[in-house]
Amino acid sequence: MFFINPDSRTNKDIPNLAVAYAATLYRSRVVDLNTMPDPGNRFCSEKENDYVLSVQSRSFGHARKIKEEILAKYPNGSVRTLKGILDVQCCYPFVTFDETLQINTPFSDALPFPEYSLFDSFETFLEKWQSGEWYYPLMTSIGCPFQCTYCMSRCRIYQTRTIDNCVDELKQAQGKWRIRKFCIMDDCFNLKKSRVLEFADKVKPLGMEWICSNGLRADLFDEEIADAIRASGCKHLSFGIESASDRVLGMIRKGETLAQIEKAVAIAKPRFDSVNGFFIFGLPETTLDDDIEILCFILKHGINAHLSVYVPFDKGMQVDAVFNGDASLCRKANVTASRTDQVLRWAERIGVKESSLPVFFKYACRLVFLCKFRPGLLPKQFFTLAETIYDKYLSPN
Ligand code: SF4
């Protein structure tokens, strides 16, 4: 048996942790098409007949294609999908189709430390970890009891490893692979304050730089946590902010107020090398003005921003009723539709295709940030490009 990690076209620098744990338990190899996409059909040259795919929502299409290719070449082969250990990573759920390989080991100290050398992309990880370019991933807990309506990590049982077990994993990776930095991958790392303080205390002697790449909760963040994690080597952190409007925060059941978010950002900014916020454009029942408020918030606080566009995925989410034709929600659908029309008309005017809008928004917002706060980082070509776009689309002549 061997495992396949399909290409998700994102997070090339982060290993699939579910498959890492599973491969370690079974001592099986992993064909990692996410970090090492080429040659894309190398799984077919294997002499095995038992394949297990680890599939996330973002790699679903590629996983189906891989299955078809395997069965076309080996009609009697077995292709299963992995179920268990982790159900979500980086906010993307793990999904299954057809037969599964179910692993019931709970997320706890009972899991072995991931043996990444089983990945065929391991040389790439090793080089990048040793140079400090990539961060070694550390998952200390999974699950989150909060109910944020847009989030695939919501309302899940919170399961933890002990802090000692996590620190032992880091010590082993430091000794065995000479990793230099690590990042916390938890869904909600600062859920329990005492646990965060214990972690900071015990990780400090390792002398490693680390970051919280997933969003922390602003309402559970304070000066004591900030000082403790900074002193232990944390250089960069992110907050899941999503919106700059109390009305929207209420609608998405964030359980936080804008005042709490602003307070957390004010505590973090002077203490950390960089502070990032995750935001979502286009949430149901929001308006273009709400999205513009997000941009104003980013500019006002001078933080880095990761901007996403809301895409309904889970039929169980209440907000999906808007997209599923519930008559009682017609008015809300109209609000969404009129806002969409507004954006589409504007995009048409400046010559941006509808399919390119999410990417366009993302880069436009990064650009706004650079112009305002880091103009020195803009390449000279940018100004030539801006001049060309202005002449072609915006100039009155
Ligand atoms: S607190 Fe964070 S992880 Fe939990 S449901 Fe909300 S966004 Fe998701």
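## The model and its confidence

Residues are numbered from 1 along each chain as its sequence is written. Because the model is predicted, local features need pLDDT of at least 70 and side-chain atom pairs count only at pLDDT 80 or more, while totals for chains, interfaces and linings use all residues.

The mean pLDDT (the predictor's confidence in each residue, from 0 to 100) of the protein chain is 86, and 78% of its residues reach 70 or more. Over residues 315-337, pLDDT stays under 50. Where pLDDT is low, the predicted coordinates should not be read in detail.

## Overall make-up

The protein chain has 12 helices and 16 strands. Helices (H or I, at least four residues) and strands (E, at least two) are DSSP runs, numbered from the N terminus. Of the 397 residues of the chain, 35% count as buried. A residue is buried if 20 or more other C-beta atoms lie within 10 Å of its own, exposed if 12 or fewer, and partly exposed in between, with C-beta atoms placed from the backbone.

Two residues are in contact if their C-beta atoms, placed from the backbone, lie within 7 Å. Among contacts in the protein chain with a separation of 6 or more, 75% are between residues 24 or more positions apart.

## The largest nonpolar core

A nonpolar core is a set of buried Ala, Val, Leu, Ile, Met, Phe, Trp, Tyr and Cys residues joined through C-beta atoms within 7 Å. The largest one here has 91 residues, and those with the most contacts inside it include Ile4, Ala18 and Leu53. Helix H1 (residues 17-26) gives the largest share of this core, 7 residues. The core lies between domain 1 (2-103) and domain 2 (183-394), because both give residues to it; the domain bounds come from an automatic or database domain assignment.

Leaving aside neighbours within four places in sequence, Ile4 is in contact with Val31, Leu33, Phe43, Tyr51, Leu53 and Ile66.

In helix H5 (residues 193-203), the residues Val196, Phe199, Ala200 and Val203 are buried. They fall within an arc of 95° seen down the axis, so they line one face of H5; the arc is that of the directions from the helix axis to the C-beta atoms. These buried residues pack against helix H4 (163-177) and helix H6 (223-231).

In H9, Asp291, Ile294, Phe297 and Ile298 are buried. Their arc around the axis is only 105°, which puts them on the same side of H9. The face turned away from that buried side carries the exposed residues Asp289, Ile292, Cys296 and Lys300. Just after H9, Gly302 takes a positive phi of about 60°.

## Backbone details

Most residues other than glycine have a negative phi, and most peptide bonds are trans. A cis peptide bond, with omega about -10°, joins Asp38 and Pro39. Pro39 lies in the loop between strand S2 (30-32) and strand S3 (50-53).

Glu242, in strand S14 (residues 234-242), is not a glycine but has a positive phi, near 70°. Glu242 counts as buried because it has 25 C-beta neighbours inside 10 Å. Glu285 also is not a glycine and has a positive phi of about 75°. Glu285 sits in the loop between strand S15 (274-281) and H9, and is partly exposed, with 18 other C-beta atoms within 10 Å.
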